[in-house]
Amino acid sequence: MTEISTRARPGPVSEASVRDEPRERFEQFFAANREAVLGYLLRRTADRHDAADLLADTFLVAWRRLDDVPPGDQTRPWLYGVARRALANHRRGEGRRHALADRLRGELTEQVEPQPMPDNTPAAIAFRSLSEPDQELLSLVAWEELDTAQIATALGITRNAVRIRLHRARKRFARSLTAHPRIALREEASHEDA
């Protein structure tokens, strides 16, 4: 005698609905975070086109690693971390391209191009005097308005490490800020005496 299965078979599952769920999740966090990540990249690149390319690279990584993207408030810091690494890769590539261009330029001509005038406010001078990690940490607080948990996610370090590094970076910035006005005042005084 043949046994007949009495279990109900599930209805057909649409492949489109299975494929659309990750796509909808991606589209939601893309729409919620695109502007913030683009702002992060614009503040760290000299060219809007580079920022747009890096934004595309960031969200391409997010799409490929969709299961690794944390939900809720941790999505944006995670994306900042991805953008930070994409920016680092971009800078390394730019460094190689610039080194090659400089070498070729040196071989072809001895012409020197004028450098743009930097921002010489005491705060800008003090900020530029900090190490790149200190600048990045302070920028994440001031420009991106991240808290320590979000910075920890973006940098891939613990919250405690963020607190310690942030405390030290702030102290170095304060020391540098108080040192630079005195230098500027001495230069002004020496010009007035002359």
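## The largest pocket

Two helices, α3 (75-108) and α5 (132-142), each give at least two residues to the lining of the largest pocket. (Helices are DSSP runs of H or I with at least four residues, strands are runs of E with at least two, and both are numbered from the N terminus.) The biggest share comes from α5, with 7 residues. In total 23 residues line this pocket, and R44, R91, E132, Q135 and E136 lie nearest its centre. A pocket here is an open set of points on a 1 Å grid over the protein atoms alone, where a 1.4 Å probe fits and protein lies on both sides within 12 Å along at least five of seven lines; lining residues have an atom within 4 Å of a point.

How much space lies in the largest pocket? About 650 Å³, where a volume is the space filled by probe spheres set on the points, with grid points joined across faces, edges and corners. Sorted by class, the lining has 10 nonpolar, 3 polar and 10 charged residues. (Ala, Val, Leu, Ile, Met, Phe, Trp, Tyr, Cys and Pro count as nonpolar, Asp, Glu, Lys and Arg as charged, and the others, Gly among them, as polar.)

## What you are looking at

This is a predicted model, with local features needing pLDDT of at least 70 and side-chain atom pairs counting only at pLDDT 80 or more, while totals for chains, interfaces and linings use all residues. Residues are numbered from 1 along each chain as its sequence is written, and side-chain values use heavy atoms, with hydrogens and water left out.

The protein has 7 helices and 0 strands, so along the sequence you simply read α-α-α-α-α-α-α. Of its 194 residues, 29% count as buried, meaning under 20% relative accessible area; exposed is over 50%, and partly exposed is in between (1.4 Å probe, protein chains only). Among contacts with a separation of 6 or more, 64% are between residues 24 or more positions apart; a contact means heavy atoms within 4.5 Å.

## E136 and R44

Back to two residues by the centre of the largest pocket, E136 and R44. E136 is found in helix α5 and is buried, with a relative accessible area of 16%. Leaving out residues up to four places away in sequence, E136 touches Y40, R44, R84 and L155.

Of the 13 residues lining it, N33, G72, D73, R76 and P77 are the closest to its centre. The elements giving two or more residues to this lining are α1 and α3, and α3 gives the most, with 4 residues. By class, the lining of the second largest pocket splits into 5 nonpolar, 4 polar and 4 charged residues.

## A cluster of rings

There are 8 aromatic pairs in the structure. Rings of Phe, Tyr and Trp (its six-membered ring) pair if their centres lie within 6.5 Å; planes under 30 degrees apart count as stacked, over 60 as edge-to-face and the rest as tilted. The rings of F26 and F29 have centres 5.3 Å apart and planes at 75°, so this pair is edge-to-face. Because F26 and F29 are 3 residues apart in helix α1 (residues 15-42), about one helical turn separates them. Both F26 and F29 are buried.

F26 also forms an edge-to-face pair with F59, at 6.2 Å centre to centre and 85° between the planes. That pair links distant parts of the chain, 33 residues apart, with F26 in helix α1 and F59 in helix α2 (residues 48-64). F59 is buried, as is F26. Ring pairs link F26, F29, F30, F59 and W63 into a cluster.

W78 is found in helix α3 and is buried, with a relative accessible area of 10%. Its contacts, not counting residues up to four places away in sequence, are A62, R65, D68, V69, P70 and T153.

Most residues other than glycine have a negative phi. E145 is not a glycine, yet it has a positive phi of about 55°. E145 is placed in the loop between α5 and α6 (148-155), and counts as exposed at 66% relative accessibility.
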